[in-house]
Amino acid sequence: MTGSARDTLLARDLLSAHLRSLQQESPIQVASSDAHTVKPWFAGKVDFSPEVRDLAAQGYPLLGGRLDTIAGRRVGALVYKRRLHLINIFAWASDAPDTAPTLTMRNGYNLLSWIRGGVVYTAVSDLDGDELKHLAEML
């Protein structure tokens, strides 16, 4: 499978996970706006430590987190909100070098992906791409 085909399948899987979370009564398993509650909740459930910040003062309140499955692997999902827009930030361990955020669009949803500190992050939302980039900068 080529890198492009793999990226397309990954984007499809990420978007599907985001859409599934919107259909559930609650898109979170640990409900808290406290980063010091959400971050340790992932310990032992995933093999990395995601960046978790309370950004309510900046207009991006943390709602909590959950576990999900992307491309057959267990990932962490942080859930933020911006006005009426829900933002899922999927995260998993990687040995790839750090990368700058890259924005793509799929079926009307923005996917913003970056790698930092051995963790791949992809934010998925119908939120405007510039506002999604601003969230990534604050994380």
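This is a predicted model: local features need pLDDT of at least 70, side-chain atom pairs count only at pLDDT 80 or more; totals for chains, interfaces and linings use all residues.
Let me start with Val120, which, once residues up to four places away in sequence are not counted, touches Phe90, Ala91, Trp92, Ser94, Trp114 and Ile115. As for distance across the model, the C-alpha atoms of Val120 and Arg82 are separated by 22 Å, although the two residues are 38 residues apart along the chain.

From there I would like to move to the nonpolar cores. The largest of them has 27 residues, and the members that touch the most other members are Tyr60, Tyr80, Ile87, Ile89 and Trp114. At least two residues of this core are supplied by each of α2 (35–41), β3 (73–82), β4 (85–93), β6 (109–116), β7 (119–125) and α3 (129–138), and the largest share, 4 residues, comes from α3. If you pick out Ile89 on the screen and leave aside its neighbours within four places in sequence, you will find Ile89 in contact with Gly76, Ala77, Leu78, Tyr80, Trp114, Tyr121, Thr122, Ala123, Leu135 and Leu139. There is also a second, separate core, this one of 14 residues, and Trp92, Tyr109, Leu111 and Val124 are among them. As general background, nonpolar side chains in soluble globular proteins tend to be buried together.

Now to the aromatic rings. How many aromatic pairs does the count come to? The count comes to 2 aromatic pairs. One is formed by Trp41 and Phe42, where the centres are 5.1 Å apart and the planes stand at 80 degrees, an edge-to-face arrangement; both of these residues are buried. In the other, Trp114 and Tyr121, the ring centres are 5.4 Å apart and the planes are at 15 degrees, so this pair is stacked. Trp114 counts as buried because its relative accessibility is 2%, and Tyr121, with a relative accessible area of 3%, is buried as well.

Two of the aromatic residues I have named also have a charged group over the ring. The charged end of Lys45 sits over the ring of Trp41, at 4.6 Å from the ring centre, while Arg82 lies over the face of Tyr60, 4.5 Å from the centre of that ring.

That brings me to Glu131, in helix α3. Is Glu131 buried or exposed? Its relative accessibility is 17%, and therefore Glu131 counts as buried.

Finally, a word on the backbone. Arg83, which lies in the loop between β3 and β4, has a phi near 50 degrees, a positive value in a residue other than glycine. Ala71, in the loop between β2 (62–70) and β3, likewise has a positive phi, of about 50 degrees, although it is not a glycine. Ala71 counts as exposed because its relative accessibility is 52%, and the limit for that word is over 50%.

Notes: Residues are numbered from 1 along each chain as its sequence is written. Side-chain values use heavy atoms; hydrogens and water are left out. A nonpolar core is a set of buried Ala, Val, Leu, Ile, Met, Phe, Trp, Tyr and Cys residues joined through side-chain atoms within 4.5 Å. Buried means under 20% relative accessible area, exposed over 50%, partly exposed in between (1.4 Å probe, protein chains only). Contact means heavy atoms within 4.5 Å. Rings of Phe, Tyr and Trp (its six-membered ring) pair if their centres lie within 6.5 Å; planes under 30 degrees apart count as stacked, over 60 as edge-to-face and the rest as tilted. A charge sits over a ring if NZ of Lys or CZ of Arg is within 6 Å of the ring centre and within 35 degrees of the ring normal.
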